[in-house]
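Biologist: I have a model open and would like to learn how to read it feature by feature. Can you walk me through it?

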Amino acid sequence: MTDKKDEAGGMDDRGLDYSTTTPVLDEDSVDPIYKAKAHVLNNAIQNIGMGRYQWELFVLVGFGWASDNMWPIITSLILSPVTLEFKQSRPPLLSLAQNIGLLAGAVFWGFGCDIFGRRLAFNMTIGVTAVFGLIAAGSPNFAAIGCFAALWSFGVGGNLPVDSAVFLEFLPGSHQYLLTILSIFWALAQLLATLIAWPLLGYHTCPETQTTPCTKSENFGWRWFMITMGLFAMICFFLRFVVFTLYESPKYLMGKGKDAEAVAVIHKVAAKNGTTSSLVVDDLLLIHNQAASIYNHQQQGTDAAAALKRNLEKVNLTHVRALFRTRRLAYSTTLIMIVWAFIGLAFPLYNAFIPYTLASRGTSFGDGSTYLTYRNSLIIAVLGVPGALIGGLLVEIPRFGRKGALAFATAATGIFLFCSTTAKNSDALLGWNCAFNLFSNIMYAVLYAYTPEIFPTKDRGTGNALTASANRVFGIMAPIIAIYADLETAAPVYVSGALFVAAGA
């Protein structure tokens, strides 16, 4: 049988694909020439293969994944001591400030990296987080720590959209499964944060049972903790910005009309991997001319406005309507958005207040020492690491797969939250929370892998944007609900558990 690419003259003797058939050029695309040239660059990356550059980038992108989970965990860990020191009657306002910053960061860095480049955004996100995390240690009042939480979260919010774009644009298609493996950094981040918090917060924090005013000098643990985590983020920034040389994305350069620079980056990556690439500028020029002739000489935009236009395509109503074109597709799109929205509300509603819950419930059990509170937080965090690995195994079970694993893990997460309300002592409460963290990490590992797969390729960006928006918007609602639900009752736990069970159903 004759290969379609050969018929179209799409593959040359160097393995570079010039195909202008439908899989390469999409008539519904805002810029089919851009997509065709991007396909050639993808082919060049695939020919180079997985090497030193990509593996180093994998670790550095892992820092971004870790930051995405670590800093919300940091906010939850300092919530109790900050509340005691500043005598705040509405502690969830700190989480509200954080979630507003996360949403703003996701929008700014997500769209901005298509205008001022991936490289700048990749380096700056963790840098912004590190600077404001360090400054937050000197907060004189609750309003100040809330402002700094929003500012460091502004950096954190850009990690996933920017880092995933950077990694995927340098990753061979044969190794895209590594995007799922990055979830291990997400779980390790919680473990690291709680491991550091245990000695710093456990020994230098006012106890919940203290009747005298909590002073800054006896409650300095959370400030040392902020300094430590800020320095860790600064080290990650140093490794990204100074030690590792991140090349600008070839697709970004090509989209700006800098084909020669895009080709030069391909050759630099090949050289670092100890190999070579046969890609030349004429290859991109050829595919440009072929595509232009097919689409009536439609020109590729080479300025920032064109780059923004391609990025805004993600929320174009044409692509949104495409996700609801058939009853089955509309059902899948709506369902996954609801799942992400419910989880966006349920996860921070409970997880952000775990240390506070452990401390307050522990006090009622007669063993609510700060040392025990943060020791238990560490034990809970340990269970998150195997969760990411178990999720990868469950999706491979025949007749169970991603849907089964996601439904099972999400519902189980909610059930264990309900069970935690039956605890009669701290050990029982710890056990239920360990089970919750194990299954919630299984849930996230499966969800990150499953979500992009249910959307058609040409509408995948829009689908991801819709689910991410639903998650962040509902995340902002979580602390507002917590304020009126009263953290000293089990109400947030019941609401969170019900949302998890509903999402799993």
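This is a predicted model: local features need pLDDT of at least 70, side-chain atom pairs count only at pLDDT 80 or more; totals for chains, interfaces and linings use all residues.

Biologist: Which residues does D68 touch, not counting residues up to four places away in sequence?

Modeller: D68 touches V156, N159, L160, W186, Y448 and R472 on that count. Contact here means heavy atoms within 4.5 Å. D68 itself lies in helix α3, residues 52-86. Helices (H or I, at least four residues) and strands (E, at least two) are DSSP runs, numbered from the N terminus.

Biologist: And how many helices and strands does the protein have?

Modeller: There are 23 helices and 0 strands. Of the 505 residues, 55% count as buried. Among contacts between residues at least 6 apart in sequence, 81% join residues at least 24 apart.

Biologist: How should I read two packed helices?

Modeller: Two packed helices are described by the angle between their axes and the distance between the axes. Take α9 (residues 183-203) and α10 (residues 221-243): their axes come within 9 Å and cross at roughly 145 degrees. The axes are lines fitted to C-alpha atoms, for helices over the stretch in contact, and angles run from 0 to 180 degrees between N-to-C directions.

Biologist: Is the crossing of α9 and α10 left-handed or right-handed?

Modeller: α9 passes α10 in a right-handed crossing. The rule is that a crossing is left-handed if the near helix is turned anticlockwise from the far one by less than a right angle, and right-handed if clockwise. On the α9 side, the residues that meet α10 are L192, A193, I196, A197, L200 and L201. Their partners in α10 are G221, W222, W224, F225, T228, M229 and F232.

Biologist: Now salt bridges. What is the general idea?

Modeller: Side chains of opposite charge can pair when their charged atoms come close. The cut-off is a side-chain nitrogen of Lys or Arg within 4 Å of a carboxyl oxygen of Asp or Glu. By this rule the count comes to 4 salt bridges. One of them joins E56 and K272, whose closest N and O atoms are 3.0 Å apart. E56 lies in α3 and K272 in α12 (residues 259-272), so this pair ties together parts that are 216 residues apart in sequence. E56 is partly exposed at 25% relative accessible area, and K272 is also partly exposed, at 25%. R52, E56 and K272 are linked in a network of salt bridges.

Biologist: Which residue meets R223 in a salt bridge?

Modeller: That would be E85, at 2.7 Å from N to O. R223 is in α10 and E85 in α3, so the pair ties together parts 138 residues apart in sequence. R223 is buried at 2%, and E85 is buried at 8%.

Biologist: What about R240 and D163?

Modeller: Their closest N and O atoms are 2.6 Å apart in a salt bridge. The pair links distant parts of the chain, with R240 in α10 and D163 in α7 (residues 159-170), 77 residues apart. R240 is buried, with a relative accessible area of 0%, and D163 counts as buried at 0%.

Biologist: Last one: which residues form a nonpolar patch on the surface?

Modeller: F108, I115, F116, L120 and M124 do, with about 390 Å² of accessible area together. Patches are made of residues with over 30% relative accessible area and no salt bridge; like charges are joined within 9 Å, and nonpolar side chains (Val, Leu, Ile, Met, Phe, Trp, Tyr) within 5 Å. Accessible areas come from the Shrake-Rupley method with a 1.4 Å probe, and for residues only the protein chains shown count as cover. I115 sits in the loop between α4 (93-112) and α5 (118-136), and is partly exposed at 33%.

Terms used
Residues are numbered from 1 along each chain as its sequence is written. Side-chain values use heavy atoms; hydrogens and water are left out. Buried means under 20% relative accessible area, exposed over 50%, partly exposed in between (1.4 Å probe, protein chains only).
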